[in-house]
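Thanks for making the time, everyone. I would like to walk through the aromatic rings and the nonpolar packing in this structure, and then stop for discussion.

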Amino acid sequence: MHPRDQTIFALSSGRAPSAIAVVRVSGPEAGLVLTTLAGKLPAPRHASHRLLRDGVGQPIDDSVVLWFPAPASATGEDVAEFHVHGGRAVLSALLAAISVIPNTRAAESGEFTRRAFENGKLDLTEAEGLDDLIHADTDRQRRQALRQLQGLLGDRARDWRERIIEASALIEAGIDFSDEGDVPSELRAPAVKAIRALHDEIANVLAAQGHSERLRDGLVVAIAGEPNVGKSTLMNQLARREVAIVSPHAGTTRDVIEVQLDLDGYPVTVIDTAGIRETDDPVEQEGVRRARARAEDADLVLWLVEGDRAVDPSAMRSLWVSGDTSDPSGSSVWIVRNKMDLKGAGEALPQGEFGISASRGDGIPDLVDALVKFAAVFFGTGEGALVTRARQRDLLRRASDSLRRSLDLVEEGEELAAEELRAAAYALGRLLGRVDVEDVLGAIFEKFCIGK
């Protein structure tokens, strides 16, 4: 029997021990599993209290069982659920009892969701939204993932694809009736109007998304600067706990330290790096190298200097070949002046500079507020972001490009324009996971947890 035809089972709730555990079974033998362990099938979609027994009649646990016959189930297959006490021994006995029933096996990562996708219960954008929802750490990530799971992008993509197919039908009808005089031109005009509207819609969506797909991974902020200027102290202030060792001795931080923050719902990874300086210590040299590498990859660099000291351009140039305050990949740099309480500088700081006392916390709220505003502009998601993954952006861009080319070609020949429309429809089909996506399915579903 092919693995996809086998009945799969897994723990679908949290790790044991727990108050309640849910074991899910999906596939053609789900009904057999339920009757073997619980005695008989309950009414569909009604919870029923049963004493579970293994294959030799030994009791396993008191349970609440549910039965979802196909196709009205989460996976589109017959599904059974066992809600049992979440002890390790209970789960071990239950899973062992299921495993000895013929044609059953333990599920692989994401296999329940993949079967739901293959049975048309959700499209690929919704499956990606489900994965994002499972891994959401902040409220903005949760809201974005939930919108995707509810079909925000999938519904739009289906509408776009249907309209492309309708426009393509008009173009191809013009080809079929090319010997009918003015018929092709009468068909071409509404097709061109529809294609132009579609292209504008998709192009506007792409232009409005900012870095919305980056919301899944978060904004990366690197704290950099010369040794002993308070980088680790600032790190601890932002994290609101002791995550980095603070010492008056230069070179204390020798490796990259990371902490994940939730700033007003935006996921932010803050990186504390080794002080940038020339040194003969091979360990510190490696720390400086890693600091430079992480700063180059960061979306924002907080460059710390002490009080009203002049910024050392040579130290900053060591991070970027260009020597500018923005590196070639687009990172931004803010000058953060620490120990301002000791220097007593009363002058207003230039735009893009911040004055703080990392030890006392002065100026930290203003710096955090600025980080939140930076994140809002950087992600640019608003409350209706459609694009949440680079894969989605790439396929939408391909569809938009094909639509633009079809407009350029329609006057030269309907055949070429029709081919570009087919390419646009194909790109949206890949976005939804309905055509030729076998190469990406494994990469997507293997990231799911087992039991989902």
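Let me begin with a term: a charge is said to sit over a ring if NZ of Lys or CZ of Arg is within 6 Å of the ring centre and within 35 degrees of the ring normal. Please keep in mind throughout that what you see is a predicted model. In that sense Arg 24 lies over the face of Phe 112, at 5.4 Å from the ring centre, and Arg 140 lies over the face of Tyr 266, at 4.0 Å from the ring centre.

Arg 140 belongs to helix H5, residues 139–149, where the buried residues are Arg 140, Gln 141, Gln 144, Ala 145, Arg 147 and Gln 148. Viewed down the axis of H5, these buried residues fall within an arc of 160 degrees, so they line one face of the helix. Just after H5 comes Gly 151, which takes a positive phi of about 95 degrees.

Now to the pairs of rings, of which the count comes to five. In one of them, Tyr 266 and Phe 379 are stacked, with 5.7 Å from centre to centre and 15 degrees between the planes. This pair links distant parts of the chain, since Tyr 266 is in strand E9 and Phe 379 is in helix H12, 113 residues apart. Tyr 266 counts as buried because its relative accessibility is 6%, and the cut-off is under 20%; Phe 379, with a relative accessible area of 0%, is buried as well.

A second pair, Phe 374 with Phe 378, has its ring centres 6.2 Å apart and its planes at 15 degrees, so this pair too is stacked. Phe 374 and Phe 378 both lie in helix H12, four residues apart, or about one turn of the helix, and both are buried. Taken together, Tyr 266, Trp 334, Phe 354, Phe 374, Phe 378 and Phe 379 form one aromatic cluster.

Which residues touch the most other members of the largest nonpolar core? In that core of 32 residues they are Leu 234, Leu 302 and Trp 334. Several elements each supply at least two residues of this core, including strand E7, helix H8, E9 and H12, and the largest share, nine residues, comes from H12. Leu 234, leaving aside residues up to four places away in sequence, touches Ile 223, Leu 302, Leu 304, Ile 356, Ala 358, Ile 364 and Leu 367. Apart from this core lies another, of 30 residues, among them Ala 157, Trp 160, Ala 417 and Leu 431.

Terms used
Residues are numbered from 1 along each chain as its sequence is written. This is a predicted model: local features need pLDDT of at least 70, side-chain atom pairs count only at pLDDT 80 or more; totals for chains, interfaces and linings use all residues. Side-chain values use heavy atoms; hydrogens and water are left out. Rings of Phe, Tyr and Trp (its six-membered ring) pair if their centres lie within 6.5 Å; planes under 30 degrees apart count as stacked, over 60 as edge-to-face and the rest as tilted. Buried means under 20% relative accessible area, exposed over 50%, partly exposed in between (1.4 Å probe, protein chains only). The arc is that of the directions from the helix axis to the C-beta atoms. A nonpolar core is a set of buried Ala, Val, Leu, Ile, Met, Phe, Trp, Tyr and Cys residues joined through side-chain atoms within 4.5 Å. Contact means heavy atoms within 4.5 Å.
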